[in-house]
Amino acid sequence: MFYATLVTRNDENQELYEILIELENIRNLIVEFGDQIFKDGNIYGVEFLENVKIADWMYSSESSFKGERKMLIKLIDQANTVFSSEYEEIKKEINELICTKPQAFISMFATSDSDLHVRNIHGWEKSHRFYLKNIRTPDEFMDAAKYCFPNLYFHSNIKNSLKTLSTPLHKYISEISFHLSVLNDSFGILFQENRCKGLAEVLSIFKSMHQIASSLEGDSKSAKKRFTFSFTAHDGSVVDLVCEPHTKLSKSGDTKFRFD
């Protein structure tokens, strides 16, 4: 669950339109993935700009900032309302990182760099990753993965692989999250920048940059036979990929995570 929150603007270098576009993108993503947005019932009385309350600015008849007003109205008016007493409890939990259930702030002009203060798409991903520490089962992990690592495709076989871990999943979840976060956030860019050097060299660079053991299988023919998996593309077609590249968890002698 996400809570819309505002503080007085203190960043004069970032255009209001750019900030609201980020929030609009977050809102669309939240709707797409079935998350919910809530707001404090008193949010309309919050000072938005100097000596200007948010309601006065949003519903002003002035001709300037029409697009910006429309985006902010969509974000706030369409959010569900919680009573101020409940909101204050939620605010305390989020700010002190003691949440009893997954929740975060969608923030404009936020002064905190907390993982639970979301200002852009990457912040939305980080807020979901924060709660991976509560994961206990492979089923829970697979449900959470689409929120946490939207640039990665997860084969259904991963759930079965996680069930074969020699110790409970939650013992590895921090390291698994780190591996997948780096793959989601930076591997695609790294590969595009260095693809002419070959995959083995890309993996070597990746290992050096992030201190993650990563390599190809020793026998490519064997890898193709053992690690070819079928994925369904956006258009419904089936694509076979050889998931030979892999990372290895440092805390486990029997666990590898494969990717392509």
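Student: Where does Phe-65 lie?

Tutor: Phe-65 lies in the loop between helix H2 (54–58) and helix H3 (66–77). Helices are DSSP runs of H or I, at least four residues long, and strands are runs of E, at least two; both are numbered from the N terminus. This is a predicted model: local features need pLDDT of at least 70, side-chain atom pairs count only at pLDDT 80 or more, and totals for chains, interfaces and linings use all residues. Residues are numbered from 1 along each chain as its sequence is written, and side-chain values use heavy atoms, with hydrogens and water left out.

Student: What is the phi of Phe-65?

Tutor: Phi is positive, about 60°, although Phe-65 is not a glycine. Phe-65 counts as partly exposed, at 42% relative accessibility. The cut-offs are these: buried is under 20% relative accessible area, exposed is over 50%, and partly exposed is in between (1.4 Å probe, protein chains only). Leu-97 also has a positive phi, near 55°. Leu-97 sits in the loop between helix H4 (84–95) and strand S6 (104–108), and is partly exposed at 39%.

Student: How many helices and strands are in the chain?

Tutor: The chain has 10 helices and 12 strands. Of its 260 residues, 42% count as buried.

Student: Why is helix H5 largely enclosed by the rest of the structure?

Tutor: Start with the general idea. An α-helix has 3.6 residues a turn, so residues three or four places apart point the same way. Now the case here. Helix H5 covers residues 121–130, and seven of its 10 residues are buried, so the rest of the structure largely encloses it. Among the buried residues are Trp-124, His-128 and Phe-130.

Student: Which residue caps the N-terminal end of H5?

Tutor: Asn-120 does, with a side-chain oxygen 3.3 Å from the backbone nitrogen of His-122.

Student: What does the side chain of Arg-129 make a polar contact with?

Tutor: First, the term. A polar contact is a pair of N or O atoms within 3.5 Å; within protein, one must be able to donate a hydrogen and the other to accept it, and residues adjacent in sequence count only if both atoms are side-chain atoms. Arg-129 is in helix H5 and is buried, at 10% relative accessibility. Its side chain makes a polar contact with the side chain of Asp-185, at 2.9 Å. Leaving aside neighbours within four places in sequence, Arg-129 is in contact (heavy atoms within 4.5 Å) with residues including Cys-148, Phe-149 and Ser-181.

Student: How many disulfides does the structure hold?

Tutor: A disulfide is a covalent bond between the sulfur atoms of two cysteines. Here the test is a pair of cysteine sulfur atoms within 2.5 Å. The structure holds zero. Cys-148 is buried, with a relative accessible area of 1%, and Cys-99 is buried at 16%.

Student: How many aromatic pairs are there in the whole structure?

Tutor: A pair of aromatic rings is described by the distance of the centres and the angle of the planes. Rings of Phe, Tyr and Trp (its six-membered ring) pair if their centres lie within 6.5 Å; planes under 30 degrees apart are stacked, over 60 edge-to-face, and the rest tilted. The search finds 10 pairs. One of them, Phe-33 with Tyr-147, is tilted: 5.5 Å centre to centre, 50° between the planes. This pair links distant parts of the chain, with Phe-33 in the loop between helix H1 (16–32) and strand S2 (37–40), and Tyr-147 in helix H6 (residues 138–148), 114 residues apart.

Student: Are Phe-33 and Tyr-147 buried or exposed?

Tutor: Both are buried. Phe-33, Trp-124 and Tyr-147 form one aromatic cluster.
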